[in-house]
Amino acid sequence: MFTGIVEETGDIVARERTDDGLRLRIGADEVATDLEHGQSISVSGACLTVEDYADGEWFEVFLASETVERTYLGDLEAGDAVNLERAMPADGRFDGHVVQGHVDAVATVTNVESVEEDWFFEFDLPEGYERYVVEKGSITLDGISLTVAEFDPEAGRVTVAIIPTTYELTTLSAKEPGDPVHLEVDVLSKYVERLLEARFD
């Protein structure tokens with residue numbers, strides 16, 4: 001489990017296509033320190049498993065075909081940046097919200113606006129995901145825990161406010177209209193939906 005609090009951004013160092021997926025080598029400083037084989041890391045919101053690493057330099061992860069199809073990670077090239085977060089320890093501080101690292105879909109940036117020191121990012125949701133979003137609720141975009149500032153359910157459009165620290169620390173600073181972002185809706189909304197379906201079936 002993750003919290004959506006990005007620790008640092010890393011860079012794609014190398015990529016290798018295989019018959020059943022894609023292997024990525026990601027350069028990082030803090031996140032690549034004291035790793036263990038099999039450890040989980042959120043890479044721009046996708047929970048991936050460490051297969052190999054060089055302490056304090058890089059780590060490698062493998063993306064199965066389903067992950068490649070569901071995310072935009074397969075389109076990344078060497079030099080592209082990704083948001084990184086290690087799984088939350090049992091005694092860790094819970095600063096964001098419950099993030100599984102299971103990408104639901106890919107959303108699209110529609111507008112970026114600077115207002116004084118903050119930034120407002122607008123996203124179009126894929127069809128069907130608007131039912132999981134509420135104004136002032138939690139949403140995860142590219143592995144970042146964010147609060148919904150405005151929500152237009154008819155248009156399936158979400159706006160989030162980004163503080164300077166988040167803008168500078170994450171890959172959002174490089175996003176422009178038309179760019180993809182990984183979407184993970186609040187898992188609690190999915191549980192509520194399932195319980196209601198079971199109750200009224």
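Reply: What follows takes the terms in turn, for a model that is predicted.

Me: What makes Glu7 and Arg86 a salt bridge?

Reply: A salt bridge needs a side-chain nitrogen of Lys or Arg within 4 Å of a carboxyl oxygen of Asp or Glu. For Glu7 and Arg86 the N to O distance is 2.5 Å, so the pair meets the cut-off of 4 Å. Glu7 lies in the segment before β1 and Arg86 in strand β6, 79 residues apart.

Me: Which residues are linked with Glu7 and Arg86 in a network?

Reply: Glu30 is linked with Glu7 and Arg86 in a network of salt bridges. A search of the whole structure gives 7 salt bridges.

Me: Why are Glu7 and Arg86 called partly exposed?

Reply: Partly exposed is the range between buried, under 20%, and exposed, over 50%. Glu7 has 22% relative accessibility, so the term is partly exposed. Arg86 has 21%, and therefore gets this term too.

Me: How do you know that Arg23 forms a salt bridge with Glu51?

Reply: The closest N and O atoms of Arg23 and Glu51 are 3.1 Å apart, and the rule asks for a distance within 4 Å, so the pair counts. The two residues come from distant parts of the chain: Arg23 is in strand β2 and Glu51 in strand β4, 28 residues apart. Arg23 has a relative accessible area of 23%, so it is partly exposed. Glu51, at 32%, is partly exposed as well.

Me: What is the N to O distance for Arg25 and Glu60?

Reply: The side chains of Arg25 and Glu60 meet at 2.7 Å, N to O, in a salt bridge. Arg25 belongs to strand β2 and Glu60 to strand β5, 35 residues apart.

Me: Is Glu60 buried or exposed?

Reply: Buried means under 20% relative accessible area. Glu60 has 14%, so Glu60 is buried.

Me: What makes you say that the charge of Arg25 sits over the ring of Trp58?

Reply: One part of the test is that CZ of Arg is within 6 Å of the ring centre. The charged end of Arg25 is 3.6 Å from the centre of the Trp58 ring. The other part is an angle within 35 degrees of the ring normal.

Me: Why is the pair of Trp119 and Tyr167 called stacked?

Reply: Rings pair if their centres lie within 6.5 Å, and planes under 30 degrees apart count as stacked. The centres of Trp119 and Tyr167 are 4.2 Å apart and the planes are at 5°, so the pair is stacked. Trp119 is in strand β8 and Tyr167 in helix α2, 48 residues apart. Trp119 is partly exposed at 22%, whereas Tyr167 is buried at 16%.

Me: What makes the pair of Phe121 and Tyr167 tilted?

Reply: Stacked needs an angle under 30 degrees, edge-to-face over 60, and the rest are tilted. Phe121 and Tyr167 have 45° between the planes and 6.4 Å between the centres. An angle of 45° falls between those two cut-offs, so the term is tilted. Phe121 is buried, with a relative accessible area of 1%. Trp119, Phe121, Phe123 and Tyr167 form one aromatic cluster.

Me: How do you know that β8 and β11 pair?

Reply: Two strands pair if there are at least two bridges between them. β8 and β11 have 6 bridges, in the antiparallel sense, so they pass. In one of these bridges, Trp119 has Ile162 in β11 as its partner. β11 is also joined to β10 by 4 bridges, again antiparallel, and Phe151 has Val158 as its bridge partner. β10 and β11 form a hairpin with 4 residues between them.

Me: Which residues have the most contacts inside the largest nonpolar core?

Reply: They are Ile139, Val160 and Leu183, in a core of 24 residues. β10 gives the largest share, 4 residues. Ile139 touches Val160 and Leu183, among others. A second, separate core has 23 residues, including Ile12 and Val82.

Notes:
Residues numbered from 1 in each chain as written. Predicted model: local features only at pLDDT ≥ 70, side-chain atom pairs only at ≥ 80, totals over all residues. Heavy atoms only, no water. Buried < 20%, exposed > 50% of the residue type's maximum accessible area, 1.4 Å probe, protein only. Core = buried A, V, L, I, M, F, W, Y, C linked by side-chain atoms within 4.5 Å. Contact = heavy atoms within 4.5 Å. Phe/Tyr/Trp six-rings, centres within 6.5 Å; stacked < 30°, edge-to-face > 60°. Lists of a residue's contacts leave out its neighbours within four places in sequence.
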